[in-house]
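Please consult the sequence and the structure shown here before reading on.

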Amino acid sequence: MNCPIDRTKEYVREFFKGEYSGHDYYHTVRVFELARKIAEEEGADIEIVSLAALLHDVDDAKISPDTYAGKVNAVSFLKKEHVSDEDIDKIVEIIEQVSFCGVDSAVPSTIEGKCVQDADRLDALGAIGIARTFAYGGNHNRDIYDPDVLPELGMNKEEYRNHVSTSLNHFYEKLFLLKDMMNTDTAMKIAARREEYMRAYVDEFLREWNSEDC
Ligand code: NI
């Protein structure tokens, strides 16, 4: 495959300039690094995993709704790089299946897709996951927390996309569900540690909110 990773990174760096919703260039870089580590453990095709990880958010429904359906940004970039149609199909399928959609979330059909989906979900967890949650919330005018707004569980794709909630509810509505949705044992282990950290954080957040720590 004639598509240097460096050129894809450059494309993505340019693409995400001015993006402050937690889906920035360095989110992509972390997903790329994690996905490659998982791919090595799982014996997946590193090149396909690398390109899919780097391009996984350039046609995201929230970031680029106009190109979402046809994965137009990813496809036109890969075509320009002379990636074969067969490989483009594999990469597009991975990107198609990567997103969290509540109870409608897809289980990727290939091991490469599983590595990328796990890596993307791992970056929603832990210390960085907490930072990204509040960055996204601020970017979308959401409250940090509102005790009168309860988390909604069991949402489908449509409900999840249209749902407006608080940043703290996001932990219950998505983040605490991710560990058990991991596809690979490698990711599951990392997710367990990151989730423990987040649960301790949310406990402390609520203790302080309710003045129970003084
Ligand atoms: Ni992502």
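## A patch of negative charge

In this account, Asp and Glu count as negative. A patch is made of residues with over 30% relative accessible area and no salt bridge, with like charges joined within 9 Å. The model discussed here is predicted.

On the surface of this model, D104, E152, E158 and E159 gather in a patch of negative charge. One of these residues, E159, lies in helix α9, which covers residues 157–162. E159 counts as partly exposed because its relative accessibility is 41%.

## Cysteines without a disulfide

A disulfide is a covalent bond between the sulfur atoms of two cysteines. For a pair to be counted, the two sulfur atoms must lie within 2.5 Å. The count for this model comes to zero disulfides. C101 is in no disulfide, and the nearest cysteine sulfur, that of C115, is 19 Å away.

C101 has a relative accessible area of 7% and is therefore buried. C115 is buried as well, with a relative accessible area of 0%.

## Positive phi outside glycine

N141, a residue other than glycine, has a positive phi near 55°. N141 is placed in the loop between α8 (126–139) and α9. With a relative accessible area of 73%, N141 is exposed.

S211 is not a glycine either, yet its phi is positive, at about 55°. The place of S211 is in the segment that follows α11 (185–209). S211 is partly exposed, as its relative accessible area is 46%.

Note on methods
Residues are numbered from 1 along each chain as its sequence is written. This is a predicted model: local features need pLDDT of at least 70, side-chain atom pairs count only at pLDDT 80 or more; totals for chains, interfaces and linings use all residues. Side-chain values use heavy atoms; hydrogens and water are left out. Patches are made of residues with over 30% relative accessible area and no salt bridge: like charges are joined within 9 Å, nonpolar side chains (Val, Leu, Ile, Met, Phe, Trp, Tyr) within 5 Å. Accessible areas come from the Shrake-Rupley method with a 1.4 Å probe; for residues, only the protein chains shown count as cover. A salt bridge is a side-chain nitrogen of Lys or Arg within 4 Å of a carboxyl oxygen of Asp or Glu. The place of a charge is taken as NZ of Lys, CZ of Arg, CG of Asp or CD of Glu. Helices (H or I, at least four residues) and strands (E, at least two) are DSSP runs, numbered from the N terminus. Buried means under 20% relative accessible area, exposed over 50%, partly exposed in between (1.4 Å probe, protein chains only).
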